Amino acid sequence: MREIQHFINGRFVPSANGQSFDKRSPLDNRVIAKVHEGGQAEVDAAVSAARAALHGEWGRMPTEKRLAMLHAVADEITRRFDDFVAAEEADTGQPHHVIAHAFVPRGAANFKVFADVVRNVPTESFQMETPDGRGALNYAVRKPKGVIGVISPWNAPFLLMTWKVGPALACGNTVVVKPSEETPATAALLGEVMNAVGVPPGVYNVVHGFGPEAAGEFLTRHDGVDAITFTGETRTGAAIMKAAADGIRDVSFELGGKNAGIVFADCDFDDAVEGIFRSSFMNTGQVCLGTERVYVERPLFERFVMALQARCEAVRYGRPGDAGANYGPLISHEHQRKVLSYYAKAVSEGATVVTGGGVPDMPGDLAEGAWVQPTIWTGLPETAAVVREEIFGPCCHIRPFDSEEEVLVLANANRYGLSTTIWTRDLARAHRVAAAVEVGIAWVNSWFLRDLRTPFGGSKQSGIGREGGVHSLEFYTELRNVCIKL
Ligand SMILES: NC(=O)C1=CN([C@@H]2O[C@H](COP(=O)(O)OP(=O)(O)OC[C@H]3O[C@@H](n4cnc5c(N)ncnc54)[C@H](O)[C@@H]3O)[C@@H](O)[C@H]2O)C=CC1
Ligand SMILES: O=C(O)/C=C/C=C(\O)C(=O)O
């Protein structure tokens, strides 16, 4: 049985109290790893290692050397590509193509891109006049914020963890990561990578364990943590914000979504069907940017629903390596229960179930996995729970609309505001709708198309702050102004 230990001060260490928990495969519920469960002792040790590293070799390292080291981290991830893919597949059960073509390469890119951003982004300078006529020069310099607490989720574990660790380290900070208890493997592997390329001990630390009243909360309450970055559920974000408030610590949050897909009748039909299929069902719907509310202009409605239904009914469930398998399970039985409770609620609220709505018949030991069918509903009012609340599963409700004005009201009538995907060939309309939707990210004729230099984050209850490109520097550094009298 694989054993996953904490990574503290450059060494893999067990929990001081000997506690551990089982990591089960979402594919068949088998125990695949014993994971050490961190508590206050491990969080204390990790934070103090991270603090010491700030004042040690890492803190003194010339910027160019630090950035070259992050390129080396990316290269080592690429060299160990198969190990990362295997670890992520085992933890999440998601199809090989999603992990190998999207999630793991993004992990490597997250180090390279932010090393380059730090190298290339200038700071401001102002020359000023003074009464004595000599003048003064102001210039700003960026300083690392310090020890960053990273709390990451299970849905795209390596991508989302490195999305935070990459810029944090590029800016000269040190990190303590608390990965999701559901997906500990790639955070541990990254510790091996850090050692292999010579990142000094204490720069990257990982404490495994749970959230409330456990390692996650201990980290967010820790006096030695200077800022906290978190991706996950909105309610968890609220709890972390309260913990951070006590120490006046900065937070950056990417939270839940109930994103709208908007399909106009003038769209490229096949592209729109494929785009909405991906946005609603990729990663078994476990993507915060995913589309659980789809609005289709009335002339296209019936045809669109039928085409999306056909696409859903063609998925091939299976293990990541199975030939032809393109559809994985949910992360856990707990999450399966949550998603199935929404499937039942949709029916009790009067939905027409176009397809799915239950658990597929799986052969052999796969029957023990956390599988659910991709599901489409129609016919519900906007007040229905499955149309209002984030489910985080492979499902969407599709509703017809008659005008641009109407669909904007529908799309915006939600407490979340993370992303939207708009499908139209009318460029003027694309600009108008993208400007009017209340979201942080609006995709037109695309979805999850990422340029890592762009601002990324949510409006309303979908987040606080933006990361990506220079925006990550705003969070991971303190700007210091130097004013020199000439
Ligand atoms: N990217 C996203 O938007 C994600 C959304 N979710 C949603 O959240 C629901 C619950 O899933 P969870 O894994 O429980 O998500 P979560 O948001 O509770 O967990 C994410 C991370 O936060 C940690 N955490 C939880 N409570 C904490 C606390 N009080 N203090 C510090 N850290 C804490 C967890 O251990 C994990 O590492 C899912 O059903 C899904 O709807 C889950 C994961 C990602
Ligand atoms: O591309 C990114 O940087 C972030 C993607 C976010 C998700 O996939 C998520 O939180 O579900």
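Which residues come nearest to ligand 1?

Author: This is a predicted model, in which local features need pLDDT of at least 70 and side-chain atom pairs count only at pLDDT 80 or more, while totals for chains, interfaces and linings use all residues. Residues are numbered from 1 along each chain as its sequence is written, and chains are lettered from A and ligands numbered from 1 in the order in which they are written.

Gly211, Gly216, Gly232, Glu233 and Cys288 come nearest to ligand 1, out of 26 residues around it. A residue counts as near a molecule if its C-beta atom, placed from the backbone, lies within 6 Å of it. Two or more residues of this shell come from each of α8 (215-221), α9 (234-246) and α12 (333-348). Helices here are DSSP runs of H or I with at least four residues, numbered from the N terminus. By class, the shell around ligand 1 has nine nonpolar, eleven polar and six charged residues. In this scheme Ala, Val, Leu, Ile, Met, Phe, Trp, Tyr, Cys and Pro are nonpolar, Asp, Glu, Lys and Arg are charged, and the others, Gly among them, are polar.

The shell around ligand 1 also takes at least three residues from each of domain 1 (2-255 + 462-485) and domain 2 (259-451). These bounds come from an automatic or database domain assignment.

Ligand 2 has around it Asn155, Ala156, Leu160, Trp163, Thr231, Glu254, Val287, Cys288, Leu289, Arg450 and Phe456. Seven residues of the shell around ligand 2 are nonpolar, two are polar and two are charged. Both domain 1 and domain 2 give residues to this shell, so ligand 2 lies between them.

The two domains also touch directly. Their centres, taken over C-alpha atoms, are separated by 31 Å. In the contact, 19 residues of domain 1 meet 26 residues of domain 2, where contact requires C-beta atoms, placed from the backbone, within 7 Å. On the side of domain 1 that touches domain 2, α4 (81-92) and α5 (96-120) each supply at least two residues. The most comes from α5, with three residues. That side of domain 1 is made up of seven nonpolar, eight polar and four charged residues.
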